[in-house]
Amino acid sequence: MAAARSSDGSGPLRRAGRAMARALRAPFTGAARGIRKATHAHGAGESGLGKLIELHAVNGAGDVMITVALASTVFFSVPTDEARGRVALYLAVTMAPFTLLAPVVGPLLDRLPHGRRAAMAGAMFARAVLAITMSGAVATGGLELYPAALGVLVCSKAYGVVRSAVVPRLLPPRFSLVKANSRVTLAGLLATGVAAPIGAGLQSIGSPWPLYGACVIFLCGTVLAFTLPPKVDSAKGERKARLVVPHEEAVRPPAPAEVPKGSKGRWSGSTRAGGRKGREKPPGLRSVGPSVLHGLQANAAHRALSGFLIFYLAFLLREHPLAGQSAAVSLGIVGVAAGAGNAFGTAVGSWLRARGPELIVATVLGLALGVAVLAAIFFSTVMVAALAAVAGFTQALSKLSLDAMIQRDVPEEVRTSAFARSETLLQMSWVVGGAIGIALPLNGALGMSVAAGILALGAGASVRGLLGAARRGSPHPRVA
């Protein structure tokens with residue numbers, strides 16, 4: 001029988017077939033091993049951070065697939081005037097309810113400290129179901145598309161809030177939070193860059209196909225969420241944080257000598273009339289110094305600018321493309337510039353780690369404001385692309401610096417909740433910026449002036465406080 005196999009050549013053919021299969025599989029398996037090695041480096045694999053990095057990459061890829069499908073339906077498939085009306089309707093039906101739901105997301109997730117893996121898996125699975133639901137309506141652009149899009153948006157933001165809250169639990173030894181967030185964010189950006197052309201290719205086959213791809217990606221993310229380590233669901237030592245503390249509740253904590261023995265450092269609110277003691281209040285962000293609040297103000301300006309530029313430039317460049325370019329190429333130039341700036345800001349943030357975050361936030365806000373003013377005065381192709389790149393760079397670096405301030409100034413017991421609240425505020429700022437971009441007339445110089453005004457408001461509210469906090473230094477120890 002061996003002679004028969006040898007004589008008919010089936011043995012060598014099988015070996016050749018296996019060798020060819022290995023050769024075809026090698027680039028994919030090699031790339032997978034390389035990605036796994038990068039995401040699990042420097043202790044990230046042992047701590048579980050590597051799995052979160054991979055989960056965030058899956059999240060970014062799925063979101064961009066849905067974005068491609070919606071953009072093709074709501075924006076590109078109809079004339080400009082109708083497209084503007086459709087996007088305004090999209091904002092009204094999805095963003096307006098989201099502004100009401102967003103303040104609820106953080107407190108709701110605070111009540112699920114033991115179910116964070118399930119919350120992230122649920123956000124993934126819900127988007128998979130909604131993607132299939134939208135696939136039937138995406139070709140017609142009917143009104144039933146918008147409630148499903150709202151559900152996708154809420155699930156995406158809920159995932160983002162939980163992810164921000166989870167990162168502190170997965171820090172490897174001697175790993176700063178800003179560096180961890182840089183890795184997570186960069187993974188999402190890279191996955192978005194890879195998935196976007198794939199989504200465009202699926203769109204050329206048929207409008208539902210990017211949504212089919214998103215469904216498959218989110219189902220994989222659902223499974224991957226449950227592979228995170230169990231400590232993600234631990235709420236040991238955590239308490240809720242509030243962004244604003246009423247004046248009467250901002251009570252000075254007692255000095256160490258005033259704390260009774262056996263109290264383990266806990267203290268209650270002020271004594272009210274009649275000697276009745278107030279109930280113990282959870283510390284708020286204002287109680288740990290001004291840096292975090294001023295950092296939030298600056299980041300809110302960056303996020304509002306991001307929402308404004310996305311919607312305003314989408315319509316402006318479609319109606320008035322950059323000199324010598326088509327509308328699609330003009331949008332591509334601006335999109336690539338913004339993405340490159342964001343990736344570069346993330347890389348620089350990882351390199352800077354947590355050094356001087358107040359000064360970094362103030363500096364990048366001033367940089368973005370200066371470029372926006374120049375774009376308003378000298379409106380041109382180069383200045384629009386430059387503003388998009390600088391906006392991406394400064395938003396990424398400012399957010400990473402805010403993360404560093406929260407890590408340094410917010411006590412461990414409320415740090416997780418602080419991330420949830422701050423992310424909700426920033427998402428609401430993005431909604432406001434996007435609404436301004438929809439309502440504004442399509443005049444380039446006017447739009448860039450409004451962009452500069454948004455940043456000027458943020459600078460006026462935050463820069464002086466940030467520089468003052470930087471001069472005084474933090475009264476809290478730096479957390480590595």
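Biologist: Which residues touch the most other members of the largest nonpolar core?

Modeller: L52, L55, I66, M120, M134 and L313, in a core of 93 residues. Helix α10 (residues 291–319) gives the largest share, 13 residues. This is a predicted model, numbered from 1 along each chain as its sequence is written. Local features need pLDDT of at least 70, side-chain atom pairs count only at pLDDT 80 or more, totals for chains, interfaces and linings use all residues, and side-chain values use heavy atoms, without hydrogens and water.

Biologist: What makes a set of residues a nonpolar core?

Modeller: Its members are buried Ala, Val, Leu, Ile, Met, Phe, Trp, Tyr and Cys residues, joined through side-chain atoms within 4.5 Å.

Biologist: Which residues does L55 touch, beyond four places in sequence?

Modeller: M120, M124, Y159, G221, L224, A225 and L228. A contact means heavy atoms within 4.5 Å.

Biologist: Why is S182 called buried?

Modeller: Buried means under 20% relative accessible area, exposed over 50%, partly exposed in between (1.4 Å probe, protein chains only). S182 has 2% relative accessibility, so S182 counts as buried. S182 sits in helix α8 (residues 177–205). Beyond four places in sequence, S182 touches T346, G349, S350 and L400.

Biologist: How much of the protein is buried?

Modeller: Buried residues make up 50% of its 480 residues. In α13, 25 of the 29 residues are buried.

Biologist: How do you know the reach of α13 is close to the expected span?

Modeller: The expected span is 1.5 Å times one less than the number of residues. Helix α13 (residues 381–409) has 29 residues, and 42 Å is expected. Its first and last C-alpha atoms are 42 Å apart.

Biologist: What makes a run of residues a helix here?

Modeller: A helix is a DSSP run of H or I, at least four residues; a strand is a run of E, at least two. The protein has 15 helices and zero strands.

Biologist: What is the secondary structure of residues 183–205?

Modeller: That span is 100% helix and 0% strand, with end C-alpha atoms 34 Å apart. The unreviewed UniProt entry lists residues 183–205 among its "transmembrane region" spans. Such annotations may be inferred rather than shown by experiment.

Biologist: Where does pLDDT fall below 50?

Modeller: Residues 1–9 are one such stretch. Residues 245–280 also stay under 50. pLDDT is the predictor's confidence in each residue, from 0 to 100. The protein's mean is 75, and 65% of its residues reach 70 or more. Where pLDDT is low, the predicted coordinates should not be read in detail.
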